[in-house]
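Please look over the sequence and the model below, and keep both at hand while reading.

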Amino acid sequence: MSKQFDVIVIGGGPGGYIAAIRAAQLGFNVACIDEWKNAKGGPALGGTCTNIGCIPSKALLQSSEYYEHAGHHFADHGIEVKGLGLDVAKMVGRKDTVVKQNNDGIIYLFKKNKVAFFHGRGSFAAAKDGAYDIKVAGTAEETISGKHIIVATGSNARALPGTPFDEVNILSNDGALRIGAVPQKLGVIGSGVIGLEMGSVWRRLGAEVTILEGLPTFLGAVDQQIAKEAHKAFTKQGLKIELGVQVGEIKNGKTGVSIAYANAKGEAQTLEVDKLIISIGRTANTIGLNPEAVGLSLDERGAIVVDGDCKTNLPNVWAVGDVVRGPMLAHKAEEEGVAVAERIAGQHGHVNFNTIPWVIYTSPEIAWVGQTEEQLKAEGRAYKAGTFPFMANGRARALGDTTGMVKMLADAATDEILGVHIVGPMASELISECVVAMEFRASSEDIARICHAHPSLSEATKEAALAVDKRTLNF
């Protein structure tokens with residue numbers, strides 16, 4: 001007889017492992033299935049985010065930032081560095097250590113919360129007697145049964161048609177995190193989050209980086225005033241960004257990659273690089289899930305169809321994270337995982353998509369929440385805008401990083417904050433105050449009248465709120 005569980009979670013990434021822990025906290029008998037393996041073949045919980053996404057990329061970004069500071073900025077502080085060297089293998093090894101610490105941390109959390117873990121690929125086998133049989137294909141094959149199933153199988157990197165990833169010369173985010181030596185020339189197709197972050201890492205370490213973007217605008221989803229400021233900063237740093245290109249034939253040779261493309265003027269161009277990162281988005285991962293065994297509905301893109309509560313077309317089957325609609329963000333997956341566990345318990349789990357923050361961890365960082373100025377104009381909503389530059393912020397001057405600004409948008413009549421957009425130092429941390437404010441439907445006046453520590457970067461947020469009413473104090 002198969003092992004019986006109240007809740008089975010398929011996938012141990014941010015959405016899955018958090019859903020499993022929350023369900024266990026609520027008193028359910030929970031199992032989580034995940035197939036990620038470490039170098040030794042053991043479990044590597046945490047999904048794409050922990051293994052080849054959010055966590056390792058931030059480790060490399062931090063290392064590369066230190067290297068650039070030592071080589072170019074320490075002298076401004078009176079610090080002399082002689083004989084600066086670079087050990088890429090050690091840098092990548094540190095990144096791997098950070099990943100393992102996160103992997104092991106989730107295993108500990110499962111033990112702490114009494115979540116049963118099964119190492120292998122989970123797939124639907126059958127629906128019977130008000131429950132679902134889930135096959136686990138690991139070192140051994142077994143079947144477990146659960147009343148509620150939460151699918152959290154994540155996403156995969158999208159490849160260019162006819163140009164598969166070999167993870168040697170043509171790289172997804174996975175291969176981009178495992179480059180063993182600084183390439184002389186690095187190409188990136190796609191100027192989204194992954195492309196910009198990985199391009200930034202290797203540019204700091206000495207690579208000549210060219211980013212090819214098909215869209216005519218840079219960071220089209222970002223408020224364009226912020227995007228233009230970021231584009232200016234990246235170009236000054238040495239990132240070459242070409243917009244409005246049309247990529248043609250890509251040839252993968254023994255010594256590098258050749259990319260034929262037409263530039264924005266329609267002129268034929270060729271880019272020769274040692275390595276090419278392709279970052280043109282991600283696709284929902286339902287490979288091997290066997291949804292047809294139970295009649296689970298997928299949409300035309302291969303994502304699992306869910307309603308606003310993450311319910312699928314099947315009773316007691318739920319799906320969260322990258323495998324469903326909405327932004328492919330680890331923290332969005334976590335919030336959906338918690339909400340589903342609470343809904344299973346009869347509670348009222350809630351996810352507000354309008355207050356999900358977005359972050360690009362470049363330098364300067366880019367972060368935003370809510371609507372952009374372009375979106376407000378498109379819907380005809382009357383609004384007020386206030387901006388404050390970091391060049392007028394005392395803490396930013398002390399840090400030696402005054403690039404960028406904070407921009408706040410508020411309703412013209414009610415003053416409710418509709419969106420906040422930041423490009424500059426520690427934007428990923430500063431945005432949290434704005435998320436909280438918007439979740440409580442605060443006004444720009446509320447932020448303007450809250451005392452912020454001096455000197456701090458957060459004062460720029462207060463000043464942007466003051467600027468909405470055209471009364472900044474320090475600019």
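Which residues are buried in α11? In this helix A427, S428, L430, I431, C434, V435, A437 and M438 are buried, where buried means under 20% relative accessible area, exposed means over 50%, and partly exposed lies in between, with a 1.4 Å probe and protein chains only. This is a predicted model, in which local features need pLDDT of at least 70 and side-chain atom pairs count only at pLDDT 80 or more, while totals for chains, interfaces and linings use all residues. Residues are numbered from 1 along each chain as its sequence is written, and side-chain values use heavy atoms, with hydrogens and water left out.

Helix α11 covers residues 427–439, and its 13 residues reach 18 Å from the first C-alpha to the last, close to the 18 Å expected at 1.5 Å a residue; the expected span is 1.5 Å times one less than the number of residues. Helices (H or I, at least four residues) and strands (E, at least two) are DSSP runs, numbered from the N terminus. The buried residues of α11 are covered by elements including β18 (358–360), β19, β22, α12 (444–448) and α13 (459–468). After the helix comes R441, whose phi is positive, near 55°.

At its start, a side-chain oxygen of D223 comes to within 3.2 Å of the backbone nitrogen of Q225, and just after the helix G238 takes a positive phi of about 115°. The buried residues of α7 are Q224, I226, A227, E229, A230, A233 and F234, and they pack against α6 (193–204), β11 (240–242), β19 (365–370), α9 (373–378), β21 (405–411) and β22 (417–424).

Not counting residues up to four places away in sequence, W202 touches V88, A176, I179, A181, V182, P183, L186, A207 and V209, a contact being heavy atoms within 4.5 Å.

L219 counts as buried because its relative accessible area is 9%. K114, in the loop between α4 and β3 (116–119), likewise has a positive phi, of about 60°, without being a glycine, but K114 is exposed, with a relative accessible area of 69%.

Is K332 buried or exposed? K332 lies in helix α8 (residues 330–344), and because its relative accessibility is 0%, it counts as buried. Leaving out residues up to four places away in sequence, K332 touches G321, V324, R325, G326, P327, F353 and I356.

Next come the open spaces. The second largest pocket has a volume of about 1,200 Å³. Of the 36 residues that line this pocket, the closest to its centre are E65, H69, S363, P364 and D401. On a 1 Å grid over the protein atoms alone, a pocket is an open set of points with protein on both sides within 12 Å along at least five of seven lines, whereas a cavity is a set of points where a 1.4 Å probe fits but cannot get out; lining residues have an atom within 4 Å of a point. Grid points are joined across faces, edges and corners, and a volume is the space filled by probe spheres set on the points. The largest share of the pocket lining, 8 residues, comes from α3. The structure holds 1 cavity of 30 Å³ or more.

Two of the residues closest to the pocket centre, S363 and P364, are joined by a cis peptide bond with omega near 10°, and P364 sits in the loop between β18 and β19. The peptide bond from H454 to P455 is also cis, with omega near -5°, and P455 is found in the loop between α12 and α13.

Notes: A polar contact is a pair of N or O atoms within 3.5 Å; within protein, one must be able to donate a hydrogen and the other to accept it, and residues adjacent in sequence count only if both atoms are side-chain atoms.
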